[in-house]
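Let's take a walk through this model together, one part at a time. Keep the structure open beside the text as you read.

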Amino acid sequence: MDIFLQQMVNGLTIGSLYALVALGYTMVYGVMRLINFAHGDLVAFSAFIGLSVYAQIFGESVTSLIAVITVFVFTAAIVAFVGVLLERLAYRPLRTAPRLSAVVSALGAGLVIQNSVMLIWGPNMKIFPSNLFPATIWEIGGIVITFTQVMILGLSSVLMVGLYFFIHQTKIGTAIRAVAIDQDAAKLMGINVNRIVMIIFIIGSSLGAVAGLFIGTYYRGVTFDMGWMYGLNAFVAAIMGGIGNIPGAMLGGLLLGLFNAMITGYISTQWAETFTFVLLIAILVFRPTGILGETVAEKV
Amino acid sequence: MMNKTSLIAIALLVFMGFFPLFVDSAWLAVGTTFLVFSVVALSQDIILGRAGVFHMGHAMFFGLGAYTTAILNVNFGLPILATWAPAVLVPMLVAFVMVAPIIHLRGDYLLVATIGFNIIFIQVLENDIFGLTGGPNGLFGIDVVRVLGFDFSSQTHMYYMAFILLGITLFIMRNLDKSKFGRAMFYIHKDEIAAQSMGINVRYFKLYAFILGAGIAGAAGSMFSVQYSAVSPEAFNVTQSIMFFTIVLVGGSASLPGVLIGTFVMFVLPEMFREFETARYLVFGVAMILTMILRPRGIWPVRFGNIPDFLKKGVK
Amino acid sequence: MSEYILEISHVSKYFQGLVAINDLSMKVKKGQIYGIIGPNGAGKTTLFNCITGIYRPEIGQILWKGKDIKGSNPYKIAELGILRTFQTIRLFAEMSVAENIMSGRHIKSKQRWYNGVIPTPAYVRDEKANWEKVGELMDFFNLTEYATIPAGDLSYGIQRRIEMARALAAEPELLILDEPAAGLNENETLELTQTIRKIQEMGVTIMMIEHDMEMVMSLSEYITVINFGAKISEGVPSFVQDDPVVIEAYIGSDEEDEDE
Ligand SMILES: Nc1ncnc2c1ncn2[C@@H]1O[C@H](COP(=O)(O)OP(=O)(O)OP(=O)(O)O)[C@@H](O)[C@H]1O
Ligand SMILES: [Mg+2]
């Protein structure tokens, strides 16, 4: 029972990270029908940016709420800028091209980001400072919860709920949904599609940046090529939930995080990925467009 | 009458045929691998470029062929020649069993599922299932091809065997493109609903593409394992699948010259720039983006309209 | 077996709870030209999609020569000899005109599964015979001069002809045309009318949705009028033309159009 609850907590923590990254995939897919393969590498990039921002501004020792907030805000801003740049340079010229051309461009962009990180920060693992968050640990009935976990769960929930309301309650959110349904019609209604795409990339990249920083603070060690693994899991989460569907990405992320935690806790770590994909394929066999994805009959 | 394309093709064939005579052994190995990878890329192109199925797990079929030969030879002592048929059939069977339940999935969902198969395959290899695969280190000491007391053991032999394999593959691809099967794949690719309404069984032809592609990739895998006399999981992981996927799209999907060019650009060129180890993939990524922007349909895009001459007479 | 080749009985089709076809019945005789008319959004195309298996109606039967084909896969329905064109043209745009028409030969081609890999003499003969048939159809539809041109690069009128040629290449028993005259000029429409007649003379049964009243009235032997998914009138053209219900339906919808 203790293991179960402990793995629940761990699973929800990882799941929140997956969900944050999955949102980036799903939002871009929703409006552009593009699998942004560079997104995982952008997440890894965020962790390194965060490290540098921290070192630049606070040296090695200081820890305070201000420091943490500054690191998060700066990193998110820089990564959002890179995300927007990425869209301008690598995706926008391909908007009318065959869909897979943009996918190759995204794969190329991923290589560029990953190798830039390697050239700038080196190929070896970098360690996140341990004092970014207090080392407080709570023990409740045998379960251990760290301060970092609470931060991850808390901030991710706030961001996800915030995003949900943003998409459903604001004018820009409505415009985003309109572009996702029918880009041409949205254009006719006077919506500036390029602006919406830019907003999507700002939001998606910022959420990815937060996830990247959390990965750094939670796991401590970060490598230039870790984006692939997190990206893939998050992408799988987005697909599980139904790609293009925002609540689906959140659900998929949490589900995958929990599932992973249970598999590694109870069965095996060796076969973890196999279980992940067996789950994915099982879901797709029964629901071909994911858990929350809708099947629309194509109008003929 | 010969057109420009066939002239280029013949020139290339002659060049490739004499290639082993004027290179050192390192480049000969690169040449052989180029031929093998071309075969894999062409077989990937049956699925991706012709049937239009988003498939990003092709290295699995390549690896299944390689491991079938390796396991049968190393663990069970079968001669290489006897492993050829299984190396083709096992990937075909796996393709059928794994893909049939998910063949109806829409593009991107299928793409992730095929990545998933590839990842599962790698975990199976690494966890040394049934003690057959040799785990993360793989298997080594794979024999060479022996026929009637003659050993095809030199690098030059390897090269020409791969050369013949590519020849067979190109022959198959030409037949495919000129048959009801290849055309059906194109129709499905271009408009699935219209294709169905013309009586084309979408499921059947997508599976046909997968099974044929898997079989050819398996043959290439068998060749690959003999060339290096060893197999290990990382030669068949998702990164490799992404490479084959990219080769097809950068070169020009459904275009035979395109895929060969793609293999050259994505595999041989990086080999040439080995000195620039660190920066090379950065440049490579930029090149991928630029190629797609400048040539969204690939460097040498497919050209349709290959119809019998008697139908072209009335064309103005 | 009855004299009717296609019988649609009490078919209903819903989209997200909204009824698109409502308890529709009709019977098509062999060799007939059967017209279907009705205001925009009446459900005409949806009916064709139900017949050709693109959609599965929730209720009712679609009998082809007495056998229910409701919900069959579209390719099976095509194999039975029911071929169609689309209201919004669906050609294989990047492929040449000849290759487009060749797709209609798919179900007639006798190539075996191994012919995708190895050619055989039988395959060579089959391939040649099918291309020759494509040649004949290009002659019939005046498309010979465009044989090698990508279908998507041609004008609307020509594309409509390619679509018909493609469907006819499959030697259908029932040819289903969804607004074949849409977007055609007067000359082209006249040509089309003659073409449809000729197709009928070949023994092909034809069902046709058309907004061009002059054309549909002159060609059809029998007409069903649909509005809001339900049949509001049927009969020979002269009857339907003067039926007050039909006039009402069209006037009603015209007024709505003008209000916009
Ligand atoms: N795939 C679909 N999903 C949801 N609604 C649909 C779908 N296809 C058709 N409809 C709806 O069904 C109704 C009938 O449409 P249909 O296309 O059959 O009309 P139609 O009679 O062919 O009109 P038109 O003359 O304009 O072609 C319309 O309200 C349409 O919006
Ligand atoms: Mg219609």
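What follows goes from a helix to a sheet, then to an interface, and ends with salt bridges.

This is a predicted model, in which local features need pLDDT of at least 70 and side-chain atom pairs count only at pLDDT 80 or more, while totals for chains, interfaces and linings use all residues. Residues are numbered from 1 along each chain as its sequence is written, chains are lettered from A and ligands numbered from 1 in the order in which they are written, and side-chain values use heavy atoms, with hydrogens and water left out.

Let's start in chain A with helix α9, residues 227-241. Helices (H or I, at least four residues) and strands (E, at least two) are DSSP runs, numbered from the N terminus. From first C-alpha to last, the 15 residues of α9(A) reach 21 Å, close to the 21 Å expected at 1.5 Å a residue; the expected span is 1.5 Å times one less than the number of residues. How much of α9(A) is covered? Most of it: 13 of its 15 residues are buried, where buried means under 20% relative accessible area, exposed over 50% and partly exposed in between (1.4 Å probe, protein chains only). Just past the helix, Gly242(A) adopts a positive phi of about 110 degrees.

Now turn to chain C, where 4 strands make an open antiparallel sheet in the order β2-β1-β4-β5. Two strands pair if DSSP finds at least two bridges between them. Because β2 (18-29) and β5 (67-68) of chain C stand at the edges with a single partner strand each, one side of each has no neighbour in the sheet. Strand β1(C), residues 4-15, runs antiparallel to β2(C) and is joined to it by 8 bridges. To find your place in this pairing, look for Ile8(C), which stands opposite Met26(C) in β2(C).

Next comes the interface of chain B and chain A. Here 42 residues of chain B are in contact with 47 residues of chain A, contact meaning heavy atoms within 4.5 Å. Together the two chains bury about 3700 Å², 79% of it on carbon and sulfur atoms; buried area is the accessible area (1.4 Å probe) that two parts lose on being put together, summed over both. Between these chains the count is 1 salt bridge, that is, a side-chain nitrogen of Lys or Arg within 4 Å of a carboxyl oxygen of Asp or Glu. Asp108(B) and Arg99(A) form a salt bridge at 2.6 Å, N to O. On the side of chain B that touches chain A, two or more residues each come from α5 (107-126), α10 (238-251) and α12 (280-294) of chain B. The largest share, 12 residues, is given by α5(B).

Over all chains, the count comes to 21 salt bridges. Within chain B, Asp151(B) pairs with Arg146(B), their closest N and O atoms 2.7 Å apart. Asp151(B) is partly exposed at 31% relative accessibility, and Arg146(B) is partly exposed at 42%.

Another salt bridge, at 3.6 Å from N to O, links Arg297(B) and Glu94(C). Arg297(B) sits in the loop between α12 and α13 (309-312) of chain B and Glu94(C) in the loop between β6 (82-84) and α3 (97-102) of chain C, so this pair joins two chains. Arg297(B) is partly exposed, with a relative accessible area of 47%, and Glu94(C) is partly exposed at 35%.
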